[in-house]
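Dear colleague,

Please find the structure below, handed over for your review. My findings follow it.

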Amino acid sequence: MSHTREEKIEALGRVIDTLDILRVKCPWDAKQTNESLRPNTIEEVYELCDALINEDNANIRKELGDVLLHVLFYAKIGEEKGAFDIADVCDALNSKLIYRHPHVFGDTSVNSTDEVLQNWEELKLKEKGGNKTVLSGVPAALPAMIKADRIQEKAANVGFDWEKPEQVWEKVREELSEFEEAVGEMDAAHREEEMGDLIFSIINAARLYKINPENALEKTNRKFIKRFNYLEKKAHEAGKTLKEMTLAEMDAIWEEAKSL
């Protein structure tokens, strides 16, 4: 299914008109603020992420609509405050896209996506009101794994990186050894620190091998849940709880689950 540019603009306009009506006539919509909407926005983004990893087009479309509603809602609140409206949001975004893509809209030449990202970071540092330091653009509220990946990516874009991906394994082995040494100590804080360093180095390895660590871990989470649910189901069918089963019995069923 494909729509013309005019149809797309008209569809967006209808949503804006509907939101304008709801903001006046619906008690719930009328009382919403940036603060009250924020938790719902976070939830909607996670629901979109869930649909994306499942490649569920029907739900991707639905959840994109929910996220779009929140974007329009915040713009409506900004308009009511006299601060900005959705046109200002779009104009600012368009200007930023053009500025940050001089290899498309200017005379800059690039030969790879890595060069595009390097230029991107340099341009953001030059922007008025932009990032003052390389890592200042990483949101403090990001989940730790995503934040680590973004930190490493930004550092790499300004040249702070391994010359070859395979060099990272020496660092991983070093951090693993340091964690193993810390395990034998009584200092819990030191063990936690070394575990953090180990995880950080593994995330770095994932980045170097073009693997998104968040997506990779989520897929493993889902795989484990599927297999564990199978184990629990088989235990129930045998009239047992998992605590009543031996490790050998559970391992046998786990191997069955892996073959499904």
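The secondary structure of this predicted model comprises 12 helices and 0 strands, where helices (H or I, at least four residues) and strands (E, at least two) are DSSP runs numbered from the N terminus. The radius of gyration is 25 Å, well over the 18 Å that the globule rule gives for 260 residues, so the chain is more spread out than a compact globule; the radius is taken over C-alpha atoms, and the rule is 2.2 Å times the number of residues to the power 0.38.

Local features need pLDDT of at least 70 and side-chain atom pairs count only at pLDDT 80 or more, while totals for chains, interfaces and linings use all residues. Residues are numbered from 1 along each chain as its sequence is written, and side-chain values use heavy atoms, with hydrogens and water left out.

Among the buried residues of H10 are Glu194, Leu198 and Ser201; buried means under 20% relative accessible area, with a 1.4 Å probe and protein chains only. The buried residues of H10 pack against helices H8 (144–157), H9 and H11 (213–237).

Within H9 (residues 168–183) lies Glu175, which counts as buried at 6% relative accessibility. Leaving aside neighbours within four places in sequence, Glu175 is in contact (heavy atoms within 4.5 Å) with Glu194, Asp197, Leu198 and Ser201.

Just after H10, Lys210 adopts a positive phi of about 60°.

With kind regards

Key: Buried < 20%, exposed > 50% of the residue type's maximum accessible area, 1.4 Å probe, protein only.
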